[in-house]
Amino acid sequence: MDLFVIGITLILTGSLAALVVPADWKSRLSTLLSAAGCVVVMGGALRAIWNGGAEVRVVSAGPFFGDVPLVLDELSAFFALAIALTCLLGGIYGTGYLRVAPEAAPARPERLGGHFFCLGLLTASMLLVTVVQHALAFLIVWEIMSLASFFLVVTEHWKEDVVDAGLNYLVSMHVGVVCLITGFLFVGGRGAGMDFRHFAAVFQDPAFPAPEIFILFFVGFGIKAGFVPLQTWLPRAHPAAPSHVSGIMSGIMIKTGIYGILRVVTWLGKPPVELALAVLVIAAASAVLGVVYAIAQHDLKRLLAYHSVENIGIIGLGIGMGMLGLAYGAPMIALLGFAGAVLHVLNHSIFKALLFYAAGAVYRRLHTRDMERMGGIARRMPVTAALFIVGSAAICGLPPFNGFVSEFLVYAAAFSGLVGQRVALVLVSALVMAVLALVGVLALICFAKVCGVAFLGIPRQPQPPDMRDPGWSMRGPMLLLGVLALLIGVLPQAAVGLALPAARLLAGASALPARLPVIDLLQRISIIAAGLIVLTAGLMALRRLLLRGRPVETFRTWDCGYGAGTPRMQYTASSFAAPVLALTNPVLALETKLEQPAGFFPESALFETHPGNIFEAWLIQPVVNRLNRFLTRFTWIQSGSTQRYIFYGLVFLAVTLVWMAVV
Amino acid sequence: MLIAILILFPLVAGVLLLGLKSKAANVATIYLYAVLHLVISVWLWRQPSSLLPFFRVDNLNILFLLVLSVLYLGVAFYHGDFLKQSGLSPRWHTWYAICLLLFNCCMTGVILSTHLGLLWVFVEGTTLASAPFIYYEGNKAALEATWKYVFICSVGIALAFVGIILLSMSAGDTVSLFFDDLGANADKLSPFWLRLAFPFILMGFGTKMGLAPVHAWLPDAHAESPAPISAVLSGTLLNTALLGILRVYRVMDLAGQAAQARILLVAMGFLSLFVCAVFVLKNRNYKRMLAYSSIENMGLIAIGTGLGGVGIFAAMLHLVAHSLGKASLFLTAGNILGHYGTKEVAGVRGLLRVDRTTGWLWIFGFLALAAFPPFPAFLSEFLMAGAILDGGFAWMLVPFFLLLTVILFGMGHSIMQMAFGDPNPSVRRQRTPLVNYVPQVLFLAILVMVGLAMPAPVYDLVQRAAVSLGGGR
Amino acid sequence: MLNLAVNLVILFGAPLLFVGVINRTKALWAGRRGAPLVQPFHDFFRLLRKGTVISDTTTSVFKLAPSVNLAAVLLAGLMVPLAGGGAIVSFEGDFVLFAYLMAMGKFARVLAAMDTGSSFEGMGASREVLFSGLVEPAFFLLMAGSMAIAGQTSLADALPALQRSGGLLQVALVLGVISFFIMLLVEGCRVPVDDPNTHLELTMIHEVMVLDHAGPDLAFLQYAAALKMVIVGALIAALVLPAAMPLGVSAAMILLVLAAVAVATGLVESVTARLRMTHVSQFVFMMTSNGLIVLAVVLLFKFGGLR
Amino acid sequence: MINFLIVLFGVTMLYVAATSRIEAYVRVLVAQGLVLFLLVAADWQSFHLLNLLFLAVETLGFKAIIIPWFLRRVVRRNGVYRELEPYIPNFFSVVIASLIFAFGFLLAYGSLDFARDIKPLYFGVSVSTMLTGLLVITTRKMLVTHVAGYMMLENGIFLLSLSMAREMPLLVNLGVLLDIFLGIFLLGLFATKIKSTFDESKIDALTHLRD
């Protein structure tokens, strides 16, 4: 706990320093301090996880707030670890990212002061979110987190689309916090006050409408996390933000929503089955739709943003399996489910940040996010491309990378349910496995498209002369993340070891054996993952051996003998995704621009697809429009005529007088 | 003694200024009075005192007094540059100064007076003293706004007077109209007349306070008057009217007649929220938008008061939050008007590019009003929601939060359109001295301090005020 | 130990033979004598001995991909049950790793194809990922069905359970065999999903993806493709063969089943035309519906008490 | 005698509701001023001298002379003598006014048992006067009519404050204050500014500020 507090203090001093120190020191100093803070926090978190049990410190915060307990238990510690890690690397990457001037506005160093201030504030508030266990204080930290991220999203505020993104984000966050406020008030109203540690008792009191309140919390936290149908802010905000911010937000900030949900689960005790099923349905929908929308995107960062929705869905499946396990009193299933969810939080924060950073590196060179204008990046930016491919493999859950481990845990939860004796559990588990498989496949399609179209092949438009891998401040974090992705994939035991205490806390499984069978499975997996690497290396060696002394020529790609191939003849992202989109059209609200080629020598032809979002089109817009129409129907109130104004008063007076006199 | 200074200084100074007719003297006096006001209010906060039977500092009005002084201090300093820019002739310059002094004097009087009749006189005085400001720009629109302001408020005031007469009827000849007296003998009051009196008073002062449905004059007046005056109008004038209602409401409460009064307050509050929601969605003029948001916040305060208990604490806290936040927004709006020369939202783009400080002040002011932490409005709305829940009206949370969200969206839309984006190249950044930023920064800083780690004194201030209204945490 | 050796031999030897059988079948059906069964071996080693031509647009991804692909498929192969009723590597939930290793191989192939920047290979890649993608959920459903019956969660233990229980589950068994056969057609890129010896790039899937590979790279890719067919064939074998048999017998039986599957593939390829691209997805989706039915049947059997 | 005066006062309001001639309103104001003066004079013993003088000046001088004179001047200058197209036909406003009066008397009657020491008739008439004044304001269009209506409202309030039988000089004087301040202010603003700024003095001219 002490380490934790020290770390946060360091981070905050760093962010404040960004405001005061001279311009050219802002980024370095604040990044240095917050990096140090993050490291310290990681130390504290690790110690907390290994020691086990909750470290409590009660801060008395004046007459209004009263005593605010800071609790660092296994769950908080794990999230704190992930947050600190992501923010550490994100901050370092950011210094490099911002050094290159964003187009259309001079990045005058003093402008960056506010940016790094917000960055530090975001880091600190996220970390605090995981430990503050006082409803009101929690909400304040939560909102400060939202605000800090909001300001980071609008960093490049002179761009027009930023207005839309920022407002949408702000309003969504407000809706979310409204749900949270209501939830906390309901709980607090039952005499629990503001202290989380009393909430469990309230939730488990049979008179308390626990499921309804859980749903309230789920909605509130789910908006932040980006579950469908309330994810609409996400694909807007992430492209608008600078890439390191996108990485941090998509990598870890949305996970604070997951943290919130898990925290509520700890209060919930034994949830009803229906609740777990509801969570599973929402999660499945998020996973599938998220990836389907991602496939339809051409904007690289928007695509990655939609993948956050998908991964949140996978995490949600884990949580759902966990809750199902709790509901059926099957601690092992619960443990595996929660472990998968919690570990996937860390994994996703690693590979998603990696992907966003690589995308950012590309964006800095090409100044476009449109994949159709990319291509052939790998030849000029090999490191970036390689790392992006690693990230892609990881996010598709392919061995030997980290994504597979957490997904395997969720699968494990599913197939341990499968061999059980409860028909519902068997059915649900089978379906969960099918959904996970489907999502994995679609993710693979999506990233095959991204890597193939954007990074491989031939450039679709002339590349700028400075088209090369970014400097070390950007490359370092990416490399580190790539290594982590591989490391966790090859040696999953350690990472799972970090996640298991939190999972035990959630599963409330003190009954479980100290050494879990899943650990052995992980041994096998790590052997095979290592085997994959070794075998590949061996085959490459064999290949070299075979080719020694044999002719190895290069020639242009086979083009059916038509010698004048142009880059524009490559398969485009739209065409690559077309077969899938044809199948998923119903949920896409896809609008297609098609101009058929005409005549023997067609002058022009056009095929574009622009994905919509059914939730926006069919769920949110109608509500907003109806409300809007309803309200604007009352504009006659302010008609400008004095008589009418006085008449209102007269009517009001008459009514109230009569009412007062009669009642 | 101190109170006497507060009340009399403007009158004396006004006469002198009329003689002097020197701009420097005017500005100096405005500053002097502002500082004096703050010093004395703080002093009175530490040692409450009274003047005659007619003026006294008690737990309730000290809160209002302090808000008034702090806000007036800021506004006064903002005036330093504003009056320089205004290019008024010495004569009008002097009159402006005098009206400002008198306006503030009347509001102080309203806050401090212990007698209903006296309070009423001062409220009327505020109308008279503030009307010239609304006519400041001298064009048709200004005239119309002034006419509506004066006429509607006069009718309101007149009806409030009726209310007072009815109240004194219920008091009979045994009880005077001193609040203490009324409070002490609440049981002797005749309920019938009391209940008849309340609607009149509620409507009368409610008109001045800008509660729907008798809010109609407010947007016009606040939009037409110069920025610093809008700040005062919205930041303190409304509060003073509220104080009148609170005083009488307290009497109703003690007399055990509050049940319906509460319902009335809550109803008016929600109506105000609704009105704001309707007009903030489609607003074109950013000063009008701020005015509507004043209506909204008065509505919130009314709701909190009506709910009682924690709600009253929330209302008092919200009063502080709104006054300072709204004042800073209006002052910032003054800067924007200076840069762009238009009150139309459509005419303002890329504020952050034109004048960063103003832009950020604009955004932060909005956040302060939109109840985002670390601003205290968040705490007050949280407590208000809690009060609604404690009252057992869980369903009420739905319209409550729905309307608030709509308002957040409406305001946020305009605010961001103005702050973000690329400015029209023709826009010229006007010279803006430090005094055009300092007050807002000051206000927002105070708010952050209150909202993030409410210091014990502030807490006591609010809590005492709430307790003296029979509520509190 | 012997067990392991036998299995490795089957695993590594069978693929090329499998292709040989298929081609021979087609030839016989077409009334030709056809190439000898070992022809694929000759081709394979010829390719290994050749040099290679590499497209000038490609990066090292192109060179790396065949090895990654082959490695992934080989490792996946270690988990399928072979002779002696056990796999070389087998643990709870190994089917997940199995599926994802196959996917890893596919990912590598697709990237290699996209790396050439050829529109044809892009086309092929896009089809490949979709069609073989549609297989996976179905595979997991089938596994779910058999696991629910077996109460075991590894490929080797789960698959035999279907035919062991008999009764109503015969239906599930048949459907399972059909499904795995479809899977084989897809993974092996055979008619009616894909036509290995068409000459029109526009209609190819797997073949067009490897257009630009030559020499050892091509050898690796083709070997991996054949190996995949054997792997799926082995899955079919695991479904139909009784679990407990002496090693020799079961090895023979497995080879028999593999041969039968190869012949069947050849016959299908001879008698049917390839489907239109737009119809392939329906065809592959049949597998998913089978999977659902199997699951339903299993649930009825296990919990509904239907026998 | 007193009751007769009060009834007379009420009748004038009905007349206001009925007529559409602006000068009639002015005359009514004069009449009401006189009536109020007489009422004050009638129970002179309940006021001490200074106060009495003050009230006399207020009622007679201010209510009955200055304001009417002022309004007449405005009317003459505008040359608009009639309240054309009111929002509702005069007939209805008469009906409403009479209803209001009925309500007023009912209220007075109802208030009898609560009344500690007020004169019910005063009360009823004053309430109905106020309401009618508001009615006039809300149904007529000419600004001058509005001012007149407002003045009638004031008179009603004055009457109400008189209706307290016991001596309430404070309140009465406050009422006077109200008159003088706002009366002067409104008229000043109205006469000096609005006419010069807006060509016609219809209230419609003042409906530009709207949303």
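Analyst: Two residues are taken to be in contact if their C-beta atoms, placed from the backbone, lie within 7 Å. By that test chain B and chain C have no contact, and their closest C-alpha atoms lie 39 Å apart. The model is a predicted one. Chain C and chain D do not touch either, with 56 Å between their nearest C-alpha atoms. Four pairs of chains do touch, and the pair with the most contacts is A and C.

Chain B is the part examined here, and its contact with chain A comes first. That contact takes 55 residues from chain B and 47 residues from chain A. On the chain B side, the elements giving two or more residues are helix 6 (140-171), helix 8 (191-209), helix 9 (217-224), helix 11 (258-281), helix 14 (351-354), helix 16 (376-390), helix 17 (397-419) and helix 19 (456-468) of chain B. Helix 17 of chain B gives the most, with 10 residues. By class, this side of chain B holds 40 nonpolar, nine polar and six charged residues.

Within chain B, helix 2 (residues 23-46) and helix 3 (residues 59-86) pack against each other at an angle of about 160 degrees, with their axes 9 Å apart. Angles over 145 degrees count as roughly antiparallel, and helix 2 and helix 3 of chain B are therefore roughly antiparallel to each other. The crossing of helix 2 of chain B with helix 3 of chain B is left-handed. Helix 2 of chain B brings to this contact B:Val27, B:Ile30, B:Tyr31, B:Ala34, B:Val35, B:His37, B:Leu38, B:Ser41, B:Leu44 and B:Trp45, and they meet residues of helix 3 of chain B including B:Ile62, B:Leu65, B:Leu66, B:Ser69, B:Val70, B:Tyr72 and B:Leu73. The residues of the contact between the two helices divide into 16 nonpolar, five polar and no charged.

B:Lys21 has a positive phi, near 55 degrees, and is a residue other than glycine.

B:Ala371 sits in the loop between helix 15 (356-369) and helix 16 of chain B. With 27 other C-beta atoms within 10 Å, B:Ala371 is buried, since 20 or more is the cut-off for that class.

Helix 13 (residues 310-340) of chain B has 31 residues, which at 1.5 Å a residue should span 45 Å; its end C-alpha atoms are 43 Å apart, in agreement. Helix 13 of chain B is mostly covered, 28 of its 31 residues being buried. Just after helix 13 of chain B comes B:Gly341, with a positive phi of about 70 degrees.

The contact between chain A and chain C takes 65 residues from chain A and 65 residues from chain C. Among the elements of chain A that give two or more residues to it are helix 18 (402-418), helix 19 (423-455), helix 22 (517-547) and strand 3 (552-555). Helix 19 of chain A gives the most to this side, with 15 residues. The side of chain A that touches chain C has 49 nonpolar, nine polar and seven charged residues.

Helix 18 of chain A also packs within its own chain: helix 14 (residues 300-327) of chain A lies against it at an angle of about 35 degrees, with axes 10 Å apart. The crossing of helix 14 of chain A with helix 18 of chain A is left-handed. Chain A has a cis peptide bond from A:Val228 to A:Pro229, with omega near 0 degrees. A:Pro229 is in the loop between helix 9 (210-225) and helix 10 (234-240) of chain A. In chain C, a cis peptide bond joins C:Val191 and C:Pro192, with omega about 5 degrees.

How values were computed. Residues numbered from 1 in each chain as written. Chains lettered and ligands numbered in written order. Predicted model: local features only at pLDDT ≥ 70, side-chain atom pairs only at ≥ 80, totals over all residues. Helix = DSSP H or I, 4+ residues; strand = E, 2+ residues; numbered from the N terminus. Nonpolar A, V, L, I, M, F, W, Y, C, P; charged D, E, K, R; others polar. Axes fitted to C-alpha atoms, helices over the stretch in contact; angles between N-to-C directions. Parallel < 35°, antiparallel > 145°, perpendicular 65-115°, else oblique. Left-handed = near helix turned anticlockwise from the far one by under 90°. Expected span 1.5 Å × (residues − 1). Buried ≥ 20, exposed ≤ 12 C-beta atoms within 10 Å, placed from the backbone.
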